[in-house]
Amino acid sequence: MAGILVASYRFCIAKVDTLRGYVVTNWGGFSWIILTILVVFILESIVRRLPSISGSGIPQVKALVSGKIDYEPLKVLICKFIGGVLAIFNGLSLGREGPSIQIGSTVGYLFYKNSKSVLERKRFIIISASAGLAAAFNAPLAAITFSIEELQMDFSVFSVVDCAIAAISADFVSRSFFGMTPALHIQLEKVLPLKHYLLVIILGVVLGIVGSFFERLLLYFVDIFGRFKKFRILIPTALAWILMYNLPQILGGGHELITHSSLGLFSLKTILILLVTKLLFTMISYSSKAPGGLFLPMVAIGAMIGASYSKTVALMNGIDSFYLPNFVILGISGFLTAVVKAPLTSIILTTELVGSLNHFMSLMLVSIVAYVVSRFFNTNPIYDDLLNKILQGTCDKSCDLPQKEMIADIKKASEDNLA
């Protein structure tokens, strides 16, 4: 069921991405602006009434697993689905993976909400969350490692088997919808030679620094937008109106940016402009609390960092431009690791997205370096910090523990994770 719902969600997002361009081209930009204003009122209304659907949904799933919050699963399921699709129609720089994980986990919670066993309820939330990620990216292995690194925080053979069954089932359903092609097919002609591994280490340092900067700036934007009580979603929507006519590639999750970066279709100047704009627009879009995830925009940002790094080194005669796609996938894995602090998930997800194991050693190296550098800047996993921000804000009616107790638990978990 999680696989069917997430595959349907993924299909709808792809369609509204196309629909946005169709409306602007055939009906005119003014018609699209009117429709987006209507969407803003709808999103503001449902997010205000059901704050559990805001953002990516991963912090909410972590809180649900640990028993910090509670919500009506059917309402969240319906509103997260609709809200995520509408946010993409407005052109916001948000992804599908976070909502897919929350949609998946909510399926398990829907069936086991009234279970007398707390452990059983927790178990099925984690299992169905794995199914959600597997269906979102056709990445069952990454879904299993995500459940271990982000949700369970420990290893159990039985839980791995449970998550594997769910992930493979959901992946089967998703591939029935979308075929066997990897979600991001980046063609790698050759494996990166060992003589270029110093460049991989330097790239890892760059990604660690940029990832730490991204995380700190994102949290700053979340604080700024938290001061607004109304029309937060109108701000990124208004920016989307401008970007539609100047940098339309920035709108949506960023799939086109990833593929074009890997093919070398952008000049160095263009890709740097796209990179900075995408980075800032992603922060503003996410901080508005519109339903949507960070993973796909972060993948796009990492890909552009890798591409711009490769082009810069090539201009200095440090490497053949032939290896640009290799550095694109290194940028994806390293940037995800620097921000999410889940190196195994980042490495395996990147491998499954591109459909090749030939670059595994270089992916491990760049991800480890990016992880260590980001830790040097004392940044926590982004989803822990975002959950902390949620609990520091107004504790909505769904919270079932005192606010101070929840914040203390999250802080202790972050300190233990850092140790």
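Q: Which residue meets the side chain of E215 in a salt bridge?
A: Welcome to this predicted model, where local features need pLDDT of at least 70, side-chain atom pairs count only at pLDDT 80 or more, and totals for chains, interfaces and linings use all residues. Residues are numbered from 1 along each chain as its sequence is written, and side-chain values use heavy atoms, leaving out hydrogens and water. A salt bridge here is a side-chain nitrogen of Lys or Arg within 4 Å of a carboxyl oxygen of Asp or Glu. With 3.3 Å from N to O, the partner of E215 is K341.

Q: How many residues apart are K341 and E215?
A: K341 sits in the loop between α14 (324–340) and α15 (343–354), while E215 belongs to helix α9. Helices are DSSP runs (H or I, at least four residues), numbered from the N terminus. The pair links distant parts of the chain, and the separation is 126 residues.

Q: Is E215 buried or exposed?
A: Buried means under 20% relative accessible area, exposed over 50%, and partly exposed in between (1.4 Å probe, protein chains only). The relative accessible area of E215 is 1%, so E215 is buried.
 
Q: What separates R20 and D17 in helix α1?
A: R20 forms a salt bridge with D17, and their closest N and O atoms are 2.4 Å apart. R20 is buried at 6%, whereas D17 is partly exposed at 31%. Because they are three residues apart in helix α1 (residues 2–27), what separates them is about one helical turn.

Q: Is the aromatic pair of F41 and F231 stacked or edge-to-face?
A: Rings of Phe, Tyr and Trp (its six-membered ring) pair if their centres lie within 6.5 Å; planes under 30 degrees apart count as stacked, over 60 as edge-to-face and the rest as tilted. The centres of F41 and F231 are 5.9 Å apart, with 85° between the planes, and the pair is edge-to-face.

Q: Why does the pair of F41 and F231 tie together parts that are apart in sequence?
A: F41 lies in helix α2 (residues 29–49), and F231 lies in the loop between α9 (197–225) and α10 (234–246). The pair therefore ties together parts whose separation in sequence is 190 residues.

Q: Which residue has the ring under the charged end of R10?
A: A charge sits over a ring if NZ of Lys or CZ of Arg is within 6 Å of the ring centre and within 35 degrees of the ring normal. The charged end of R10 is 4.1 Å from the centre of its ring, and that ring belongs to F178.

Definitions and conventions. Helix = DSSP H or I, 4+ residues; strand = E, 2+ residues; numbered from the N terminus.
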